Amino acid sequence: MPVVYACKNCGTRHSKSHYAKSRLCKKCGRLLLSQFITARFNTENSTGNNFSGKKPFQNRFSSISAEYFSLQKAAKNLFYKTRNQKAYSLFSQNELEKKPETKENQWWLLHIEHKNAQKLKKQLMKKYKKKSLEQTIPGKTISNTHGDFYSINEISKSEFNKMDYRKCKKNLLSDLKILSGIGPKREFKLKKDGYSSIKALENHPLWKKSASNFMNLINKKEIGQLQSHLWKNHPKSHPLIHYLAGLNKTENFAIVDIETLGLSERPIVLIGIATLRKKAVHTSQLLMRSISDEPAAIWAFTKKIHSHYSLISYNGRSFDIPYIQQRLAYYGIDCQINNPHFDLLHFTRRALRHKLRNCRLETVEEYLNIGRGINIPGALVPEFYQTYQQTGNVGPLVAIVEHNKQDLITLATLFSRLYEEWNS
Amino acid sequence: MIEKFIHRLTADSSYKKQIVHKQIMPPQKPQFGTLDKPLPKIVQKYLLANNIRLFSHQAEAINKIRKNQNVVIVTPTASGKTLTFNLPVFEVIHNDQNATSLYLYPTKALANDQLKVIRDMETQTGIKANSNIYDGDTPKHLRPTIRNKSRIVLSNPYGIHYYLPWHYKWKRFLQNLKYIIIDEAHVYRGVFGSNVAMVIRRLLRICKYYNSNPGIIISSATIANPKEHAVKLTSKEFEVVSKDGAPKGKKTFIFWNPPYTDDSKVARRSTHQETKDLLVQSVLSDLQTLCFTTSRQMAELITRWTKEELYRRSPLLSKKVTAYRAGYLPNERRAIENDLKNKNLISVVSTNALELGIDIGTLDSILISGYPGSVISTWQQAGRAGRNTKESLVTLIAFQNPLDQYFMKYPQDFFEKKHEQAIIDLHNPYITLGHVMCASCELPLRKNDNEYFPELLVQSIISLEEQNIIQKTPKGYVYSGLARPTEVVNLKSISNRNVTVTCDGKTLEVLSLNKAYDEAYQGAVLLHQAETYIVEELNLKTLIAKVRKEDVNYHTDSKKTVDVTISEKIQEKGLKPKFGFGQLVVTEFYHEYIMKTYDQIIGRRPIDLPPITFSTVGLWILIPNDIGEILNDKGLSFEGGLHAVEHAMIAIAPLFAMCDRRDIGGLSTTIHPDTGCSTIFIYDGFEGGIGISEALYSKIDQLFVKTLNLIKNCECENGCPSCIYSPKCGNENEPLDKKAALFILEKLNN
């Protein structure tokens, strides 16, 4: 059929070249409509189903069809809009070096990393085509009051070092500046007078009360309260706060890392928890096979984190824990996570900032010589998960689970290394 | 004093009968009311110490509020609305040590102003509420404290829109929420108002989740539909309190029409020059005057001219005149407000920034330079003078546009006319869908949420699910899109395609795609805060318009061709003529723009943009073909007549619905394929429609009468900017035929 642009006002026909040039009717000067609309009018007019009033009267508010049509169009628009607002932006290494400010503000991703990840996704999808989740990632389904989810448990070898209890206590007590009101000058004077530790200060007429309060907290091993006590006079990244870990037993640490569909307000797809032994890391990953699994998995997470656990995370103070808290509220589950928390990002910044070009966990790994098997940039987790949801192919999940597990193990190592860094 | 001043004006040799109408409003004595049960002692003491006795409307409102009724208060400016809602709030905060209240203001400046009042009441009564503002300007380190401690929080709808997904951080506040106060609610109309209505529904949905059921107190300027507006805004039931008991002094209202420059009676003297002259006269007569202008630029210019002229006569007085507008630093604005209150300034020239309830004391005279677009605004501005029993003067100076000139011809229409309706459309699919999406990321959506979104919830859910933006789970529909929903939905625009205007990488403003086609095509001169920018590129893929700052002495007008097709007829009435109302598909093709210096055309350039299509809601009028035949016999242009009627109807439309004439589009044609007949279309210029045409359709008969009066009584011979010329016409006002238009309208009115 030749492409014809008819003026629906006077009927004059125009060629495509004319339409491309002016879009106005040669004869009457009115606008030529696109082919689709013109065609629609032709059919409507020919069947007599036009304006002259054959349709029954319709109240605006009961006319579902037209509004539904607009809604569909509106939804499509929203979809494109949400898709265009990527959680990350792509940069080349050069660009990034030229514009240092982007490092801070954006969740950026290097072109090359992005390309490699896409290649990996293709490979994985080919490899795990038509395989079920159980075949690919061994684990089991667990149910609770809020539904069920998929749990993956594994034991990996890893070293975990922390300060022992005695050394920790000694380190803390010898720093008189911990008590509010004591600065470097006064500390010097007090030490000269023979008050060498906070314990000694318990006999000092002026500092008796606050010293014995502090001793009390140490003896009770109230890590959370001690942390907030130390924050009053020390930055959050101060080694002393890291030393506090010595008060807790190795078995009472839990490393936490979550994978989500975005930076906030969107579902969590994987919660990784690792508990520690002297020579091993027990990882337990709670995977959402679909978004319906989310409340059950979060609920299971809160049950797993007993109050005597101290959490270890990377940026978890401002990201992971508030995120979980928000999702709990979203599902109407009333629960507060108040565990003591060691956010390694703070310590890493202090200890390694000058040695690294940035503090992304990947960069830190490079520095610590930790290799990764399968890896994807964290920013691509949403994209991988969506591919899994759309295709049902579990290949992309393998990458997410592996990425998360590696993060947990790295954090265990990083924790020990920071300790070694500050004790050598 | 006022009489003397008017006498002086009319006796002056330069007076050319500009005063076309003088209305005197008699003084009113205060009416007091009593409360059904006494307030807490501590609050009573406060009232006594400040010598406050409650007016009748205040007492009535408080009585209703204490009976747990939602109340909408519609009384003029300066009638003590703030006290009306502060008293119940402080009562409940005093009685219940956990109770909290939320105040919503349309602007940050207003919240700042009111915080002072509330804090002052806190110190005087000794009731501790830790009142604070929480908005985009609140420093990060203060935020947790405010969320955990404050019992009175002042914010704005934009803020609420962003904070709602984080409701768990506000748990304490929301659980104990007793009152939500929505001040200046008449501002929430049109696209913005429809969006705010959705935000408030989302807020109430979260309140329900935390088991609180706050009472809602709304205050608004006088509008025609306070109850309907409040109900639409919040989906709750309301009681109206509108009888004003505050005292008033004698008020003289004069209409001032600038004189013709010559005998041809086409052009009138500049409104701005007339304003300046009047302002100088007022200052010299020692009247403290507030002058309202329609643009920031004019506020600055009139100030400059006035100062220059005053300087020649009295340098001291010229220092007591200043301008005031948004864009000044907050402390500068505070200083001006205080100087005005303390009478250190004799005159301030302001944009409508001073129209809302910021406290500036009371003045002697108000100059309104150009009809501000609505009866509501005019009365709000007029209410700035003559508080208590003081005598005052209000002068409205007309522009030479159809609406202003209409009022000059029919002043009684202004005084007798009911105030406009505030229009909110809860059926715009683009707006509703965006907020349903936002709601889905605050709490999972369930079918019973149609309590909050009764209009389109079920269909919205289906549409969103189809696009994978939400997913069904046993807990309800859960948001699973990729972006943060609150960032996709913009309260000032319809959630669709928006163009971001950037200059050197910085965002200047966000325009809807329609507006961008109209104002931000390549080569266009874009006005932003009275600065001129040239558009270098409009990229339709990325939806970004790049502009560069450049001072130019010309402006640009785009020319377009419009086509309208009827996609669905919703209602029809009348026989001859026949009116219809329904869904339209509008195609606009911008093909050329004109560069103009003043009214001189200095160049034409083509625009290279594809046609833009959007669906909206509109009305149509079918003109019987026999009228055309009669007109042709008479030698008049039928086409010109239709075109003129269309322009005049659009110009007069803001009389009926609170909107700007640029929010409405129109098309007239001697034959339309969908109707088979001569047709005039009038449609909402927003994707999905915003309720303007719907309001016009319901008052179509009155619309014709007013349109006819407008054209009939214009003194020009063949049409002028006061009647049928449109500044936004896509066809350069060609063809137009005034006589044919009159003939058509007379036929229609029969």
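Predicted model: local features only at pLDDT ≥ 70, side-chain atom pairs only at ≥ 80, totals over all residues.
**Figure 1**

**Figure 2. The surroundings of B:Gly361.** In chain B, the loop between strand S12 (347-350) and strand S13 (365-369) is the place of B:Gly361. With 14 other C-beta atoms within 10 Å, B:Gly361 counts as partly exposed. Leaving aside residues up to four places away in sequence, B:Gly361 touches B:Leu340 and B:Lys341. The C-alpha atom of B:Gly361 is separated by 23 Å from that of B:Thr275, a residue 86 residues apart from B:Gly361 along the chain.

**Figure 3. Chain A in outline.** Chain A contains 19 helices and eleven strands, and 34% of its 424 residues count as buried. When contacts in chain A between residues at least 6 apart in sequence are considered, 64% of them join residues at least 24 apart.

**Figure 4. The open sheet of chain A.** Seven strands of chain A form an open sheet in the order S5-S6-S9-S8-S7-S10-S11, and the pairing within this sheet is mixed. Its edge strands are strand S5 (140-144) and strand S11 (341-343) of chain A, each of which pairs on one side only. On average, and with direction ignored, neighbouring strands of this sheet are turned by 30° against each other. Helix H16 of chain A, which spans residues 344-352, lies across strand S10 (310-313) and S11 of chain A, and runs at about 40° to S11(A).

**Figure 5. Strand S8 of chain A and its two partners.** Strand S8 of chain A (residues 268-276) is largely enclosed by the rest of the structure, because eight of its nine residues are buried. Strands of a sheet pair through backbone hydrogen bonds, either parallel or antiparallel. With strand S7 (residues 253-260) of chain A, S8(A) pairs in the antiparallel sense over seven bridges, and here A:Glu259 has A:Leu270 in S8(A) as its bridge partner. Strand S9 (residues 280-287) of chain A is also antiparallel to S8(A), and seven bridges join the two; A:Thr283 in S9(A) stands opposite A:Ala274. S8(A) and S9(A) together form a hairpin, with three residues between them.

**Figure 6. The packing of helices H18 and H19 of chain A.** Two packed helices are described by the angle between their axes and the distance between the axes. For helix H18 (residues 381-391) of chain A and helix H19 (residues 395-423) of chain A, the angle is about 145° and the axes are 8 Å apart, and H18(A) passes H19(A) in a left-handed crossing. On the side of H18(A), A:Val381, A:Phe384, A:Tyr385, A:Thr387 and A:Tyr388 take part, and they meet A:Pro396, A:Leu397, A:Ala399 and A:Ile400 in H19(A). The residues of this contact between H18(A) and H19(A) divide into eight nonpolar, one polar and no charged.

How values were computed. Residues numbered from 1 in each chain as written. Chains lettered and ligands numbered in written order. Helix = DSSP H or I, 4+ residues; strand = E, 2+ residues; numbered from the N terminus. Buried ≥ 20, exposed ≤ 12 C-beta atoms within 10 Å, placed from the backbone. Contact = placed C-beta atoms within 7 Å. Pairing = 2+ DSSP bridges. Axes fitted to C-alpha atoms, helices over the stretch in contact; angles between N-to-C directions. Left-handed = near helix turned anticlockwise from the far one by under 90°. Nonpolar A, V, L, I, M, F, W, Y, C, P; charged D, E, K, R; others polar.
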